[in-house]
Amino acid sequence: MGVVSYNYESTSPVAPARLFKAFVLEDDKVWPIAAPHAIKSIEVEANPGPGSIVKINFVEGLPFQYMKHQIGGHDENKFSYSYSLIEGGPLGDKLEKINYENKFEAAVGGGTVCKSSMKFYTVGDYVITEDEIKALIKGSEGVYQAIEAYLLANPDACN
């Protein structure tokens, strides 16, 4: 097994507190409404805290039926959270898991800088390439952008 680390940043015109709430605290309510083209439902298989399992069910026609995250933790004051993708989604037979540490920081001039640190745990001798990592990120950007658009169109959501 190998481990490959990758850091990624993006920006958003939405405030950090609202993004944090939409992505962490109210994801089971917001995601299916904001991204119905991709997200069918989200199920929390235990209390929504460290160690809990969250199952994200995708709509028919997407490459994956579901994926499961194990919650690492979150800090509402720092707008940070961590989780591991442990089943389904892009893991296939080449990835054991993917760990994510994410933080929403206030951007100069308003909005947010979204910082993500990822660790890809590969199976056997497989080595994941930067192009493959970028493709995985691109695949998730559609949901991220839909949630961002929902927040912009609904200024009272996630306040």
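Is E105 buried, partly exposed or exposed? I looked this up and E105 counts as partly exposed, because its relative accessibility is 25% and buried means under 20%. I note that the model is a predicted one.

**Salt bridges**

I searched the whole structure and found five salt bridges.

I found the side chain of E105 in a salt bridge with K103, at 3.9 Å. The cut-off is 4 Å. K103 is partly exposed, with a relative accessible area of 30%.

I next checked K21, whose side chain meets that of E26 in a salt bridge at 3.7 Å. K21 counts as partly exposed, at 22% relative accessibility.

Why are E130 and K134 separated by about one helical turn? They are four residues apart in helix α3, which covers residues 130-153. I list E130 as partly exposed, at 44% relative accessibility. K134 is also partly exposed, and its relative accessible area is 42%.

**Nonpolar core**

I turned to the largest nonpolar core, which has 39 residues. Which residues touch the most other members? They are F23, I39 and I147. I then asked which elements give two or more residues to this core, and the list includes α1 (16-25), α2 (27-34), β2 (39-44), β6 (95-106) and α3. The largest share comes from α3, with seven residues.

I took F23 and left aside its neighbours within four places in sequence. F23 is then in contact with W31, Y81, F104, Y144 and I147.

**Strand pairing**

I followed β4, residues 66-75, to its pairing with β3. These two strands run antiparallel and pair over five bridges. One residue I traced was I53, whose bridge partner in β4 is Q70.

How many bridges join β4 and β5? I noted eight, again in the antiparallel sense. K68 has E87 in β5 as its bridge partner.

I ended at the hairpin of β4 and β5, where four residues lie between the strands. In this hairpin, F79 takes a positive phi near 55°.

Notes
Residues numbered from 1 in each chain as written. Predicted model: local features only at pLDDT ≥ 70, side-chain atom pairs only at ≥ 80, totals over all residues. Heavy atoms only, no water. Buried < 20%, exposed > 50% of the residue type's maximum accessible area, 1.4 Å probe, protein only. Core = buried A, V, L, I, M, F, W, Y, C linked by side-chain atoms within 4.5 Å. Contact = heavy atoms within 4.5 Å. Pairing = 2+ DSSP bridges.
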